[in-house]
Amino acid sequence: MKDNIMEYETVELDDEDGSIVIIDQTLLPGKTELIRLKTAQEIWDAIYFLKVRGAPAIGVTAAFGIYLLAKQIKTDDYDNFYKEFKKQKDYLNSSRPTAVNLSWALERMEGICLANKDKRVGQIKEALKTEAVAIKEEDIWVCKSIGEYGLSLVKPGDGILTHCNAGQLATSKYGTATAPIYLGQEKGYHFRVFADETRPLLQGARLTAYELLASGVDVTLICDNMSAMVMKNGWVNAVFVGCDRVAANGDTANKIGTSLVAVAAKRYNIPFYVCAPTSTIDLNTETGSHIRIEERPAEEVTQMWYKERMAPEGVKVYNPAFDVTDHDLITAIVTEYGIAKAPFETSFQEIFRKKKKEKSKK
């Protein structure tokens with residue numbers, strides 16, 4: 001076992017063993033346990049039950065997963081291979097509907113199948129592996145680039161508030177919302193970070209506070225309903241959050257409670273920054289009202305973290321996993337290709353033009 005949680009890979013491919021190795025994040029911070037995923041059911045369960053979570057990490061897991069499942073398909077006929085590939089892809093895609101990186105990674109992998117249909121099935125499988133590895137490597141670059149852009153928006157000694165976990169445990173490295181924090185830590189910025197606990201699954205308490213503390217960052221854990229208080233006290237200079245899907249107009253879907261943080265930040269004139277890889281920007285979704293919001297089991301609210309049930313039997317429970325932050329509450333959206341500001345439709349066009357230009361150079 002390693003001494004520090006930051007020394008572990010969030011998602012790793014063991015091709016020889018035919019498995020994906022992940023940290024079971026449902027057990028953190030009390031226990032660090034690596035688990036291996038081999039079957040479609042194991043991969044689906046790991047994503048749905050949040051053993052692996054965070055949009056980028058889900059995308060990497062999906063890419064590795066569909067590669068391993070494709071590797072198991074026993075046929076040399078392309079049509080039969082693709083039919084089974086599509087079945088497995090659709091199954092994995094059903095695990096978490098809100099995070100666009102899941103479908104983005106799976107569609108990117110399907111594109112490899114279609115682009116290589118004139119090749120032997122064995123060659124297609126190798127191409128799928130190459131693409132899956134590339135998705136992970138790109139994620140590391142994306143997060144570091146987001147961190148560099150984000151760091152330009154703050155100054156040494158600033159107080160930063162974050163919600164949920166958009167840290168290294170949600171990505172391949174650095175995180176999205178935490179990337180400016182980690183890069184600032186390397187440069188001696190000495191940020192003061194406030195981490196919302198993030199009810200009902202406590203990702204902020206169990207994961208963000210854990211990894212920031214392990215990295216030597218000055219972090220203070222607060223309950224979700226304390227964010228306005230620390231802002232009013234003057235302790236917060238900027239808010240950085242991640243996101244799972246960005247609509248074309250700049251509305252963003254992120255972990256439930258994010259929109260409340262945005263409202264409070266607006267009230268106290270604190271900049272609210274969303275850190276979003278371009279892979280999470282869904283130009284086919286016009287506004288946040290068109291984003292499908294995942295609803296999760298009532299037990300996560302009534303009893304999951306308690307020795308005894310903490311709500312009366314029979315009470316109705318509404319448990320959406322995400323909420324939508326309206327674009328007019330967002331100061332800027334930080335991507336790996338630059339910082340987008342209102343009007344976001346125009347900014348996104350410029351971001352994607354830059355992305356296309358940079359990719360054409362490679």
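In this predicted model, the largest cavity holds about 210 Å³ of space. Its lining is made up of 22 residues, and those closest to its centre are Arg 53, Gly 54, Ala 55, Asn 165 and Asp 244. Helix 2 supplies the largest share, which is three residues. By class, the lining of the largest cavity comprises eleven nonpolar, seven polar and four charged residues.

The side chains of Asn 165 and Thr 208 make a polar contact at 3.0 Å. Thr 208 is located in helix 7. This residue counts as buried because its relative accessibility is 0%, and the cut-off for buried is under 20%. When residues up to four places away in sequence are not counted, Thr 208 touches Thr 162, Cys 164, Asn 165, Ala 166, Ala 195 and Gln 203.

In total, three cavities of 30 Å³ or more were counted. The second largest cavity has a volume of about 40 Å³. It is lined by Pro 200, Leu 201, Gln 203, Lys 255, Ile 256, Arg 296, Glu 300, Asn 319, Pro 320 and Ala 321. Five of these lining residues are nonpolar, two are polar and three are charged. Gln 203, which lines the second largest cavity, is among the residues touched by Thr 208.

Helix 7 (203-214) and helix 10 (299-302) are the elements that give two or more residues to its lining. The lining of the second largest pocket divides into seven nonpolar, two polar and five charged residues.

The largest pocket has a volume of about 270 Å³. There are 19 residues in its lining, with Trp 104, Arg 108, Glu 138, Asp 139 and Val 142 nearest the centre. Two or more lining residues come from each of helix 2 (55-71), helix 4 (100-115), helix 5 (121-151) and helix 11 (344-361). Helix 5 gives the most, with five residues. Eight residues of the lining of the largest pocket are nonpolar, four are polar and seven are charged.

The largest nonpolar core has 39 residues, and Phe 85, Met 109 and Leu 128 have the most contacts inside it. At least two residues of this core are supplied by each of strand 1 (11-14), strand 2 (19-23), strand 3 (34-37), helix 1 (40-48), helix 2, helix 3 (78-93), helix 4 and helix 5. The largest share, eleven residues, comes from helix 2. Phe 85 touches Ile 66, Ala 70, Ile 73, Met 109, Glu 110, Cys 113 and Leu 128, with residues up to four places away in sequence not counted. Another core lies apart from the largest one and has 27 residues, including Phe 194, Val 274, Ala 276 and Phe 348.

Conventions: Residues are numbered from 1 along each chain as its sequence is written. This is a predicted model: local features need pLDDT of at least 70, side-chain atom pairs count only at pLDDT 80 or more; totals for chains, interfaces and linings use all residues. Side-chain values use heavy atoms; hydrogens and water are left out. On a 1 Å grid over the protein atoms alone, a cavity is a set of points where a 1.4 Å probe fits but cannot get out, and a pocket is an open set with protein on both sides within 12 Å along at least five of seven lines; lining residues have an atom within 4 Å of a point. Grid points are joined across faces, edges and corners, and a volume is the space filled by probe spheres set on the points. Helices (H or I, at least four residues) and strands (E, at least two) are DSSP runs, numbered from the N terminus. Ala, Val, Leu, Ile, Met, Phe, Trp, Tyr, Cys and Pro count as nonpolar, Asp, Glu, Lys and Arg as charged, and the others, Gly among them, as polar. A nonpolar core is a set of buried Ala, Val, Leu, Ile, Met, Phe, Trp, Tyr and Cys residues joined through side-chain atoms within 4.5 Å. Buried means under 20% relative accessible area, exposed over 50%, partly exposed in between (1.4 Å probe, protein chains only). Contact means heavy atoms within 4.5 Å. A polar contact is a pair of N or O atoms within 3.5 Å; within protein, one must be able to donate a hydrogen and the other to accept it, and residues adjacent in sequence count only if both atoms are side-chain atoms.
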